[in-house]
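Thank you for letting me take a few minutes of the meeting.

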Amino acid sequence: MQLTNRSKVVSNKVQSTTEKMYLPGILKGMIITGSHLFKRKATVKYPDELRPIASVYRGQHVLKLDENGAERCTACGLCAVSCPAEAITMESAERKKGEEGLYREEKYASTYEINMLRCIFCGLCEEACPKEAIFLTDRIVDVEYEREDFIYGKDKLVEKINKRIDVSKRQTKEVAEFKKLPGLKHNEVWSGKQINKEKH
Amino acid sequence: MKVTIDGIEIDVPKGTTILQAARLIGPEVAPPAMCYYTKLKTSGGYCRTCIVKVTQGSTANPNPMPKPVASCRTEVMDGMVVQNYTSPEIVEARKGVVEFLLMNHPLDCPVCDQAGECKLQDLGYENGSAKTRYEFKRREYEVIDIGDKIKLHMTRCILCYRCVKTAEQITDGRVHGVMHRGDAAEISTYIENVIDNDFSGNVIDVCPVGALTDKTFRFKQRVWFTKPVDAHRNCTKCSGKTRVWLKGEEVVRVTARKDQWDEVEEFICNSCRYDHKKTSDWVIEGPSQIQRNSVISQNHYNHLNELKLKVLKQQKALGFIPIDKKP
């Protein structure tokens, strides 16, 4: 019975004497191997030498701090809902009085986890983020021995205050311009003063 | 009475408003409404989002009305012809209304608990422009507690008066009103009176924005990560029919059931809303009907069958042959 018309007839051809000697075949193979000696190498001597990568390479994530060192993330959940691999989970908490220097807005992520094994580095979280908090960087995710170690928490994701990570190349011109708009509350930086509106 | 809205004719009884008539036809012609609430008397007429153009007043007087009218407050006349989305003038005017509503709005949706089920968000996306022209400082208020279960973010309020009407009509003894005027108007429980009425929690449900939010749900979860199910329990104070929002096995929030127009079907009591946060308290009936375009239906697969049928219908229309029926 013929299921499809793509089947091939298998030949059972008897080899000729020259073919049985294998020498021409070996010679042919050696020429191919030898020719590769004069070609450009396909490998680099990692980690001494690094491959050039694009400035918009999507590697390990970073949770940015703002100019004052407060966390930008407000746990709005847009990264998690946009994530096609469902790699992001978070829990939110309310900022207490006196923590204004730590967290930019009244809500913050008390836990924020990205499972690097699930992550496909598509960058949709970065695109969805309304607070410019999460960015993908040109860093490569480290090798680990245990699967649990690939679940990155805030300790690994939030950038260190004295070791900022430059993401300026990833910010689009439109976003940079939008940020300059006056009158948008979320563009204001907390400057230590309380609500200044007089009571009516 | 015969009335034509966006070219669709419908017969409605006397005393029906244009908005109600449009809702009878369906969501494709119904104007959005921020302040009008079917179950609250004298609501409507504040927000102007439901404006429509009346091109013919009635059969007796076929003159058009000179200005756009608020459809929630205008009753139909026999032979009235109304334009809503088909009138470019109305679409433009509504865009202006949305811009005004958003003028003092802080746009703190990433923080706000209402995000995902907020009528102002929907209105902004559907009828507004993506950019703001407003450059001045927006009004600011401190976040205050109304009672121990409700948070008031006055910055987000659009002054729709729904909560005031609820306090007036659903609960007995109003402790909740609007003070001051114009730009300085604010919702207030005057002289720090707390709402301790059994049905006071309903102001959360009627609020179209995130001005009044549930403190027991505050910052717990984003609504689109929770799963709404219809549930009931025996309650001596109210019908006990509610919508329970689950995260895994945990009840994160209890609200009243809402209909197609995002209006509460039956008001529920505070005890159901705040005090029964265990799955064992509820008899779960099944998943709630959530509109497909809502972010809440994200990652919930209730609508897959509907989608499948739609795809099959499209394929049939395009002349696709199903893979198992190919020769």
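I would like to begin with one residue, Asp262 of chain B, which is partly exposed, because 17 other C-beta atoms lie within 10 Å of its own, and a residue needs 20 or more to count as buried. Asp262(B) sits in the loop between β13 and α6 (270-274) of chain B, and its phi is near 65°, a positive value in a residue other than glycine. Most residues other than glycine have a negative phi, and most peptide bonds are trans. Please keep in mind throughout that this is a predicted model.

A second residue with a positive phi can be found in chain A, where Ala75(A), again not a glycine, has a phi near 55°. Is Ala75(A) buried or exposed? Ala75(A) counts as buried, because it has 27 C-beta neighbours inside 10 Å, and its place is in the loop between β1 and α3 (78-82) of chain A. Chain A also holds a cis peptide bond, which joins Tyr46(A) and Pro47(A) with an omega of about 5°, and Pro47(A) lies in the loop between α2 (23-35) and β1 (61-63) of chain A.

Let me stay with chain A for a moment and look at it as a whole. Of the 200 residues in chain A, 18% are buried, and among its contacts between residues at least 6 apart in sequence, 75% join residues at least 24 apart.

The mean pLDDT of chain A is 85, with 88% of its residues at 70 or more, and confidence is highest in strand β5 (residues 151-152) of chain A, at 95, and lowest in helix α6 (residues 173-179) of chain A, at a mean of 72. Over residues 190-200 of chain A the pLDDT is below 50, although this stretch has ten contacts in the model beyond near neighbours in sequence. Where pLDDT is low, the predicted coordinates should not be read in detail.

Now to the place where the two chains touch. The contact takes 20 residues from chain A and 21 residues from chain B, and on the side of chain B these divide into ten nonpolar, two polar and nine charged.

Chain B itself is divided into domain 1 (2-100), domain 2 (119-214) and domain 3 (220-327). The C-alpha centres of domain 1 and domain 2 of chain B lie 25 Å apart, and 15 residues of domain 1 are in contact with 16 residues of domain 2. On the domain 1 side of this contact there are eight nonpolar, three polar and four charged residues.

Two helices of chain B deserve a look together. Helix α3 (residues 119-127) of chain B has the buried residues Lys119(B), Leu120(B), Gln121(B), Leu123(B) and Asn127(B), and the buried residues of α3(B) pack against α2 (88-101) of chain B. Leu101(B) lies in helix α2 of chain B, and it is buried, because 21 other C-beta atoms lie within 10 Å. Leaving aside neighbours within four places in sequence, Leu101(B) is in contact with Cys47(B), Leu120(B) and Ile158(B). Leu101(B) and Leu159(B) are 58 residues apart in sequence, yet their C-alpha atoms are 9.4 Å apart in space.

My last stop is an open sheet in chain B, whose four strands have the order β13-β12-β11-β14 with antiparallel pairing. Why do β13 (250-256) and β14 (283-287) of chain B each have one side without a neighbour in the sheet? They stand at the edges, each with a single partner strand, so one side of each is left without a neighbour. Neighbouring strands of this sheet are turned by 35° against each other on average, direction ignored.

Strand β11 (residues 227-232) of chain B pairs with β12 (residues 241-247) of chain B over six bridges, and in β12(B) the bridge partner of Asp230(B) is Arg243(B), while that of Pro228(B) is Trp245(B). Four bridges join β11(B) to β14(B), with Ala231(B) opposite Ile284(B) and Val229(B) partnered by Pro287(B).

Methods
Residues are numbered from 1 along each chain as its sequence is written. Chains are lettered from A and ligands numbered from 1 in the order in which they are written. This is a predicted model: local features need pLDDT of at least 70, side-chain atom pairs count only at pLDDT 80 or more; totals for chains, interfaces and linings use all residues. Domain bounds come from an automatic or database domain assignment. Two residues are in contact if their C-beta atoms, placed from the backbone, lie within 7 Å. Ala, Val, Leu, Ile, Met, Phe, Trp, Tyr, Cys and Pro count as nonpolar, Asp, Glu, Lys and Arg as charged, and the others, Gly among them, as polar. Two strands pair if DSSP finds at least two bridges between them. Axes are lines fitted to C-alpha atoms, for helices over the stretch in contact, and angles run from 0 to 180 degrees between N-to-C directions. A residue is buried if 20 or more other C-beta atoms lie within 10 Å of its own, exposed if 12 or fewer, and partly exposed in between; C-beta atoms are placed from the backbone. pLDDT is the predictor's confidence in each residue, from 0 to 100.
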